[in-house]
Amino acid sequence: MPSSQVPPLGSTAIDPTSARPPIDDAEIIRITPDQLRATLQDFKSQGMTMLLDIGGVDYLARSPRFDVVYHLLALPLGAASIAEVGKPRRVRVLVGVEADATNVPTIVDLWPNADWAEREIYDLFGITFEGHPDMRRIQMPDDWEGYPLRKDYAPRGPAAERTPRPAFANKSNVPAGTPPAAAVSEALQREIAQARKGLDT
Amino acid sequence: MSGTFEPVAPEIIEQSDDRMVLSMGPQHPSTHGVLQVVLGIEGETVTTAEPEIGYLHTGIEKTAENLFWTQAGTVIERMDYLSPLSNALCYILAVEKLLGITDKIPKRAQQIRVLLCELSRIASHCVWLGTHGIDLGAISIFWYSFDIRENILDLIEASGGARMHPNYIRIGGLNGDLPEGFLEKLDALIAKFPQRMKELRQLLQANPIWQDRTVDVGRLTAQEAISWGVGGANLRATGVAYDVRCAFPYSGYEEYDFKVPTRTEGDAYARFIVRLEEMEESMSICAQVGKKLVGGPVNYDDPKLVQPPKETIAISMEALIHHFKIVSEGIRVPPGDVYQSVEGPRGELGYYVVSNGNNKPWRVRTRPASLYNLQVLKKMAPGNFIADLVVMIGSLDPVFGEVDR
């Protein structure tokens, strides 16, 4: 359940991935979810043997809102020495996912280790992977509401879930919402009135 | 609950005449923290194994998004708590790439980073060896390996001030230079190390009980290891010589002369041998760093990125202002995304870091080596005995701070 405590954006780049040319040694490809399986199958047949990682990013203000990021590595199968491995090719596939169509085809059948990575993205971003054999939460409890790594999810979680702070941790011992005492209120009014007077003259 | 009789213990999830579903962990002592494995067993043989993770999920990635770039390293170190320096180094390297100052880091800082990361690799392998030994009933190995670890933690404490999470590697360099007498302590450790390794090898390597328990257990082929994304010693024990330090050198690793030990068997014993050899190679890198260590500054000279030395704050107004700015609002990192990986003790440890130009990271995604190493248990365990499962978990060397983050 998204909380009302939306973290302030204050962003300067809505789409950081296109803000500058690539600065690492990976080839970067941007595709849409319906091209995903064909593209990755193609890469696999080109010798990208290892799926390093799948990560998710929430860009909130951008369209498409999410990125699912696949990192591939071309590790030769029979490479028994450093020279044979050399500098393997690395590919980064960015898949833009729209906020209203959070559905991506699974690649568990291509690389079995996509299983937990996809579950984690489902758990923390709410992006479902179509065809995944076991689409359950993995890090959070099964009955958890909301997707914690989304940007509109408050850092400390939904207010209802939060453990109340002990009284001594609050700055003041006066409970929140208590109206100020009459004397304090009058003094404040006087101060405001005086300030106004100062402004007028 | 579809069993024919009542379960006798809370661990038993399901029971019938020939099959039982058993919950191993999350409090089981051999699961190295908080791993639960839901086992389908027939007699003593495991038919299915489904690891359940997430008991140690602390939301470090989310926390990092809400800290300054300069502060996030503190929580990121706590992911893989056995080798915090590798985590910190990887994150810092990624941020330095985003800042475009990768080649401006002083040589001395890079050398010290390499030195401490290799030391923490040995320390991490010491924990692995000690606990793996205890899992298999070899108790005394624990004290031998923790003796080395103790010396290394002393060195890490001397450099960064804390034994486990020193937060010593900072954006642009290090948090201060090494203290006086550090290299002498390091030399003493280097001199003592071969004898200690000899003892470890004597205790276990040719030990028939150890071999009985580990040879041919948890076998992985190179093909399987690659397709499951397994890394580090677990991958090299199958004969694939992939090491990020050689394939994608960082922090000047190309200057050091070291071997990447491999084996071809791919079983728990092969992983054990590879890790032992790795410890020796790491110590040789440490010795090389000790010899080659150059003088000079340990920080990139840009007060907008790196805090000025503490002693200048009292005498220089500019230093005070820069210090105040970095502490109160952090640094700003140009927008972009970057993937940086290092060879952690458990394999390729990667960070996919996205900046939107603000003073906080937009996203810090870890490629957790332990997660992928542990996941292969699903493939590895079926067909083996329950007792061997303990060997497999131990030999994969997962760290749950990293698996769950």
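Predicted model: local features only at pLDDT ≥ 70, side-chain atom pairs only at ≥ 80, totals over all residues.

**Interface.** I started with the contact between the chains (heavy atoms within 4.5 Å): chain A puts in 61 residues and chain B 58 residues. Residues are numbered from 1 along each chain as its sequence is written, chains are lettered from A and ligands numbered from 1 in the order in which they are written, and side-chain values use heavy atoms, with hydrogens and water left out.

I looked up the buried area next, meaning the accessible area (1.4 Å probe) that two parts lose on being put together, summed over both. Chain A and chain B bury about 4,900 Å² between them, and 56% of that is on carbon and sulfur atoms.

I then searched for salt bridges (a side-chain nitrogen of Lys or Arg within 4 Å of a carboxyl oxygen of Asp or Glu) and got nine between chain A and chain B. One I checked is Arg365(B) with Asp53(A), whose closest N and O atoms are 2.7 Å apart.

**Which elements touch?** Helices (H or I, at least four residues) and strands (E, at least two) are DSSP runs numbered from the N terminus. The largest share is that of β2(A), with nine residues.

**Chain A on its own.** I get four helices and six strands in chain A, in the order β-α-β-β-α-β-β-α-β-α from the N terminus on. Among contacts in chain A with a separation of 6 or more, 61% join residues 24 or more positions apart.

**Cysteines.** How many disulfides are there over all chains? My search of the whole structure gives zero, with a disulfide taken as a pair of cysteine sulfur atoms within 2.5 Å. For Cys117(B), the nearest cysteine sulfur belongs to Cys90(B), 9.6 Å away. Cys117(B) counts as buried because its relative accessibility is 3%. For Cys126(B), the nearest cysteine sulfur is that of Cys286(B), 12 Å away. Cys126(B) has 0% relative accessibility, so I log it as buried too.

Terms used. Buried < 20%, exposed > 50% of the residue type's maximum accessible area, 1.4 Å probe, protein only.
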